[in-house]
Amino acid sequence: MKATDIMHPEDQKAIGALKKIPFIDEMCRSCMEIAYEKIYRGENLGMMVKVDNSYMPELYQDLKDVTKAIGINTPELFIYNDPVMNAFTFGETNPYVCVSSSLVEKMNREERKAILAHECGHILCQHVLYGSVVETLRMIGEDFGIIGYTLTGPVKLALQYWSRRSEYSADRCAAAVVGERTFQASMLKLALGLADAGNDPYRLVKQAKEYHAHEKQDIWSRIQQNCRVAFFSHPQNVNRAYEIDRWKKSCTYKRIRQSIAPNENLYGNIS
Ligand SMILES: [Zn+2]
């Protein structure tokens, strides 16, 4: 799988612009490798539990299956103790993925794979690296007064906007690897926080239509909702579900899915 297969157009545009800055990605990659990756890996080894072929081999095998489907090296995998279902990744040279205990406990194997594939989508798209590039530029800008204090707010808003678009790219990776139906089931569980999410995996897609009607009922509602999400790092759950429901009709989704699961009846899953 290529990063460009799954990248949201606006995510692709933002990273394309950052790649044009000479040496900045090499500088950030080296900085991450010698500093933050080592520091955080130490924290993970110190506080979390590492999963591998000999400990929780089923979960580790799922990660290996996911990375094989995507075509990236298998990162280190850790579990941390948290009642909130969540996961994150960090690193560029030696990336790792961390999943919460609640997520491991409440999601079934396929749903967990969706989450692992989402995190590996961030690795494939180099979101951590380019996130650090943006952060470096922002700090340089602030230190040298290029970005004035009055502009810091808009820059931060732009970063959050890109962050939300990068989540859509990672979601596409998850849907491509596990299939859009399983992706929707995992999103529903993330939104609910329950082990039993009922029998309608498209619940959030349907709710998205109600949300959009609410959002678009008048200009005041639009302003309210746009202001609410402006500082979010992730899109709303309903929009994540809705975006994948749209993307599943694309040729790219069908092509990747056909190569990963050639026997799947794609059209049987259309909601
Ligand atoms: Zn993410």
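This is a predicted model: local features need pLDDT of at least 70, side-chain atom pairs count only at pLDDT 80 or more; totals for chains, interfaces and linings use all residues.
Local features were considered at pLDDT of at least 70 and side-chain atom pairs at pLDDT 80 or more, while totals for chains, interfaces and linings use all residues. Residues are numbered from 1 along each chain as its sequence is written.

The chain holds 13 helices and four strands. Both element types are DSSP runs, numbered from the N terminus: helices are H or I with at least four residues, strands are E with at least two. Of the 271 residues in the chain, 37% are buried. A residue is buried if 20 or more other C-beta atoms lie within 10 Å of its own, exposed if 12 or fewer, and partly exposed in between, with C-beta atoms placed from the backbone. Contacts were assigned to residue pairs whose C-beta atoms, placed from the backbone, lie within 7 Å. Among contacts with a separation of 6 or more, 70% link residues 24 or more positions apart.

The four strands form an open sheet with mixed pairing and the order 1-2-4-3. Strand 1 (49–51) and strand 3 (87–90) are the edges, each pairing on one side only. Neighbouring strands are turned by 25° against each other on average, direction ignored. Pairing requires at least two DSSP bridges between two strands. Strands of a sheet pair through backbone hydrogen bonds, either parallel or antiparallel. Both senses occur at strand 4. Strand 2 (residues 76–80) pairs with strand 4 (residues 96–100) in the parallel sense over five bridges. Within strand 4, Cys98 is the bridge partner of Phe78, and Ser100 is that of Tyr80. Strand 3 and strand 4 run antiparallel and are joined by four bridges.

Strand 4 is largely enclosed by the rest of the structure, because five of its five residues are buried. In a regular strand the side chains alternate between the two faces of the sheet. Here Tyr96, Cys98 and Ser100 point one way, whereas Val97 and Val99 point the other way. Helix 3 (residues 24–47) packs on the sheet and touches strand 1, strand 2, strand 3 and strand 4. The direction of helix 3 makes about 40° with that of strand 4. Axes are lines fitted to C-alpha atoms, for helices over the stretch in contact, and angles run from 0 to 180 degrees between N-to-C directions.

The largest nonpolar core has 59 residues. Such a core is a set of buried Ala, Val, Leu, Ile, Met, Phe, Trp, Tyr and Cys residues joined through C-beta atoms within 7 Å. Ala117, Cys173, Ala174 and Val177 have the most contacts inside this core. Helix 8 (residues 149–178) gives the most to the core, with eight residues. Val177 touches Val66, Ala69, Ile70, Lys113, Ala117 and Ile260, not counting residues up to four places away in sequence.

His122 lies in helix 6 (residues 109–124). His122 is buried because 22 other C-beta atoms lie within 10 Å. Beyond its neighbours within four places in sequence, His122 contacts Thr89, His127, Val128 and Ala170. His122 and Cys173 are 51 residues apart in sequence, with C-alpha atoms 8.6 Å apart in space.

Helix 9 (residues 180–192) and helix 12 (residues 237–247) pack at about 180°, with their axes 10 Å apart. Helix 9 is therefore roughly antiparallel to helix 12, a term applied to angles over 145 degrees. Helix 9 contributes Glu180, Phe183, Gln184, Met187, Leu190 and Ala191 to the contact, and helix 12 contributes Asn237, Arg240, Ala241 and Ile244. These residues divide into six nonpolar, two polar and two charged. Ala, Val, Leu, Ile, Met, Phe, Trp, Tyr, Cys and Pro count as nonpolar, Asp, Glu, Lys and Arg as charged, and the others, Gly among them, as polar.

Most residues other than glycine have a negative phi. Met56 has a positive phi near 55°. Met56 is in the loop between strand 1 and helix 4 (57–70). With 16 C-beta neighbours inside 10 Å, Met56 is partly exposed. Gln126 also has a positive phi, near 60°. Gln126 lies in the loop between helix 6 and helix 7 (127–143). Gln126 counts as partly exposed, with 19 C-beta neighbours inside 10 Å.

How values were computed: Two residues are in contact if their C-beta atoms, placed from the backbone, lie within 7 Å. Angles under 35 degrees count as roughly parallel, over 145 as roughly antiparallel, 65 to 115 as roughly perpendicular and the rest as oblique.
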